[in-house]
Amino acid sequence: MKFCKDCGGVLNLFGKDSSELCSSCIQHAKPVLAALAPKPVRPEATDILIDATLSCENGKLTLHSKEGWQLWSGSADKKTNMAEILKSAKLIYKIRNRRKAKK
């Protein structure tokens with residue numbers, strides 16, 4: 001006889017079922033597993049980078065959008081957190097895109 005690892009209820013009488021949780025515990029576990037699943041990346045965040053160009057000129061790194069807008073720049077000899085670069089680039093891209101739409 002096997003018992004549920006979570007609630008201790010009987011799984012089956014003959015021990016042939018390979019499941020470790022009863023059906024009730026499995027149903028309760030699904031919402032928790034769904035909440036722990038990785039969230040998909042929003043397309044707008046990746047679209048900016050797909051066509052962006054990173055270049056180094058005169059000791060300065062610059063990130064340009066496909067439209068030619070400078071989204072970020074920084075010194076080539078200093079360490080910069082990638083998350084901060086992306087946050088700044090995304091913000092600048094949104095502002096410039098909004099201004100372009102108003103014209």
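Is Asp 51 buried, partly exposed or exposed, and what is its relative accessible area? Asp 51 comes out as partly exposed, with a relative accessible area of 39%. Keep in mind while reading on that this is a predicted model.

**The overall layout**

Let's start with the fold elements. The protein has three helices and five strands, and from the N terminus on they run β-β-α-α-β-β-β-α. As for burial, 17% of the 103 residues in the protein are buried.

**The salt bridge**

Back to Asp 51. The structure holds one salt bridge, and it is here that the side chain of Asp 51 meets that of Lys 66, at 3.8 Å from N to O. Asp 51 sits in the loop between helix 2 (43-50) and strand 3, while Lys 66 sits in the loop between strand 4 and strand 5, so the pair ties together parts that are 15 residues apart in sequence. Lys 66 is exposed, at 58% relative accessible area. As a bit of background, side chains of opposite charge can pair when their charged atoms come close.

**The aromatic pair**

There is one aromatic pair in the structure. Its partners are Trp 69 and Tyr 93, with 5.6 Å centre to centre and 55 degrees between the planes, which makes the pair tilted. Which parts of the chain does this pair tie together? Trp 69 belongs to the loop between strand 4 (60-64) and strand 5 (70-75) and Tyr 93 to helix 3, so the link joins parts that are 24 residues apart in sequence. Both Trp 69 and Tyr 93 are buried.

**Contacts across the sequence**

| Pair | Apart in sequence | C-alpha to C-alpha |
|---|---|---|
| Thr 53 and Ser 65 | 12 residues | 6.5 Å |
| Gly 74 and Lys 60 | 14 residues | 5.7 Å |
| Leu 71 and Ile 92 | 21 residues | 5.8 Å |

Some of these residues deserve a word on where they sit. Thr 53 is found in strand 3 (residues 53-57) and is partly exposed, with a relative accessible area of 45%. Leu 71 has its place in strand 5 and is buried, its relative accessible area being 0%. Gly 74 is in strand 5 too, and at 13% relative accessibility it counts as buried. Why does Gly 74 count as buried? Buried means under 20% relative accessible area, and Gly 74 is at 13%.

Now for Asn 58, which is worth a look in the loop between strand 3 and strand 4. What is its phi? Asn 58 has a positive phi of about 55 degrees although it is not a glycine. For context, most residues other than glycine have a negative phi. Asn 58 is also exposed, with a relative accessible area of 84%.

**The charged end**

Finally, the surface. Which residues form the positive surface patch? Lys 94, Arg 96, Arg 98, Arg 99, Lys 102 and Lys 103 make it up. One of them, Arg 98, lies in helix 3 (residues 82-102), the helix that also holds Tyr 93 of the aromatic pair.

Note on methods:
Residues numbered from 1 in each chain as written. Predicted model: local features only at pLDDT ≥ 70, side-chain atom pairs only at ≥ 80, totals over all residues. Heavy atoms only, no water. Patch = residues over 30% accessible without salt bridge, like charges linked within 9 Å, V, L, I, M, F, W, Y side chains within 5 Å. Areas by Shrake-Rupley, 256 points an atom, 1.4 Å probe, with all protein chains shown as cover. Salt bridge = Lys/Arg side-chain N within 4 Å of Asp/Glu carboxyl O. Lys, Arg positive; Asp, Glu negative; His and termini not counted. Charge placed at Lys NZ, Arg CZ, Asp CG, Glu CD. Helix = DSSP H or I, 4+ residues; strand = E, 2+ residues; numbered from the N terminus. Phe/Tyr/Trp six-rings, centres within 6.5 Å; stacked < 30°, edge-to-face > 60°. Buried < 20%, exposed > 50% of the residue type's maximum accessible area, 1.4 Å probe, protein only.
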